[in-house]
Amino acid sequence: MSCPALIDFEASCLPEYGQSYPIEVAIARIDGESRAWLIRPLEAWRHWDWSEEAEKLHGISPEMLRKEGLPAGQVLEEMARFVGDCEVYADADLDAYWLELLAHGLKAPVPFAVNFLGEYLMRHNFTRPQVVAALEAAKLRLPKEHLAREDAKRLALVVKLLLEGQEAE
């Protein structure tokens, strides 16, 4: 298993439109392995907000979640197994919030910490031009946005490209 791992969530609505809950999560490792899960909403979230704007972005409907979503407990367990001993990073603190919300809704401990990707990049002394170039290259290879798996895979590719560039120096 090659670490680190990058996580991305999609939610029921955009943050500015109300109280959202996690509906999809994906984790991608820099070795190219990735997993994605649709999350069947917990009963506690039944009256929380849903926005058509978010649905248009990620293409996930409430009906899709009812039919194809996995039980939240199963998602949390499978995520923890997939992450293993990798450190997990996200490009937004909302991803840590949605993981905490998922665990809290199950009365379970958060299975791993979600760190801010910027800290990883700074710790490895990547410059802004290096990060911008890696992000542009990753966007060319993986242009779809607002799909958890694609977003997580693109972030993992950015890190992989940066590490490869560092090794080449």
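Me: Leaving aside neighbours within four places in sequence, what is serine 2 in contact with?
Reply: This is a predicted model, to be clear. With neighbours within four places left out, serine 2 contacts Arg29, Ile30, Asp31 and Cys86.

Me: Where does serine 2 lie?
Reply: In the segment before β1. Serine 2 is partly exposed, because its relative accessibility is 25%.

Me: And how far apart are the C-alpha atoms of serine 2 and arginine 35?
Reply: 14 Å. Along the chain the two residues are 33 apart.

Me: Switching to aromatics. How many aromatic pairs are there?
Reply: Seven. Take tyrosine 21 and tryptophan 50: the ring centres are 6.4 Å apart and the planes sit at 45 degrees, so that pair is tilted.

Me: Where in the chain are tyrosine 21 and tryptophan 50?
Reply: Tyrosine 21 is in the loop between β1 (5-11) and β2 (22-29). Tryptophan 50 is in the loop between β3 (34-38) and α1 (52-58).

Me: Tyrosine 21, buried or exposed?
Reply: Buried, because its relative accessible area is 8%. Tryptophan 50 has 24% relative accessibility, so it counts as partly exposed.

Me: Which residues form the aromatic cluster?
Reply: Tyr21, Trp45, Trp48 and Trp50 form one cluster.

Me: What about the rings of tyrosine 97 and tryptophan 98?
Reply: That pair is tilted too, because its planes are at 55 degrees. The centres are 6.4 Å apart. Tyrosine 97 is partly exposed, with a relative accessible area of 36%. Tryptophan 98 is buried, at 6% relative accessibility.

Me: OK, helices. At what angle do α3 and α4 cross?
Reply: Roughly 125 degrees. The axes of α3 (residues 72-83) and α4 (residues 93-105) come within 10 Å. The two helices are therefore oblique to each other.

Me: Which residues of α3 and α4 meet?
Reply: Ala72, Val75, Leu76 and Met79 from α3 meet Leu99, Leu102 and Ala103 from α4. By class, the contact has seven nonpolar residues, no polar and no charged.

Me: Left-handed or right-handed crossing for α3 and α4?
Reply: Left-handed. The crossing of α6 and α7 is right-handed.

Me: Then how close do the axes of α6 and α7 come?
Reply: Within 8 Å, crossing at roughly 130 degrees. α6 covers residues 128-141 and α7 covers residues 148-168. They too are therefore oblique.

Me: What residues does α6 bring to the contact with α7?
Reply: Gln130, Val131, Ala134, Leu135, Ala137, Ala138, Lys139 and Arg141. On the α7 side they meet Arg154, Leu157, Val158, Leu161 and Leu162. The classes here are nine nonpolar, one polar and three charged.

Me: Backbone now. What is the phi of lysine 107?
Reply: About 55 degrees, a positive value, although lysine 107 is not a glycine. Most residues other than glycine have a negative phi. Lysine 107 is in the loop between α4 and β5 (114-116). Lysine 107 counts as exposed, because its relative accessibility is 79%.

Me: And what about asparagine 125?
Reply: Its phi is positive, near 60 degrees, and asparagine 125 is not a glycine either. Asparagine 125 lies in the loop between α5 (117-123) and α6. At 63% relative accessibility, asparagine 125 counts as exposed.

Conventions: Residues are numbered from 1 along each chain as its sequence is written. This is a predicted model: local features need pLDDT of at least 70, side-chain atom pairs count only at pLDDT 80 or more; totals for chains, interfaces and linings use all residues. Side-chain values use heavy atoms; hydrogens and water are left out. Axes are lines fitted to C-alpha atoms, for helices over the stretch in contact, and angles run from 0 to 180 degrees between N-to-C directions. Helices (H or I, at least four residues) and strands (E, at least two) are DSSP runs, numbered from the N terminus. Angles under 35 degrees count as roughly parallel, over 145 as roughly antiparallel, 65 to 115 as roughly perpendicular and the rest as oblique. A crossing is left-handed if the near helix is turned anticlockwise from the far one by less than a right angle, and right-handed if clockwise. Contact means heavy atoms within 4.5 Å. Ala, Val, Leu, Ile, Met, Phe, Trp, Tyr, Cys and Pro count as nonpolar, Asp, Glu, Lys and Arg as charged, and the others, Gly among them, as polar. Rings of Phe, Tyr and Trp (its six-membered ring) pair if their centres lie within 6.5 Å; planes under 30 degrees apart count as stacked, over 60 as edge-to-face and the rest as tilted. Buried means under 20% relative accessible area, exposed over 50%, partly exposed in between (1.4 Å probe, protein chains only).
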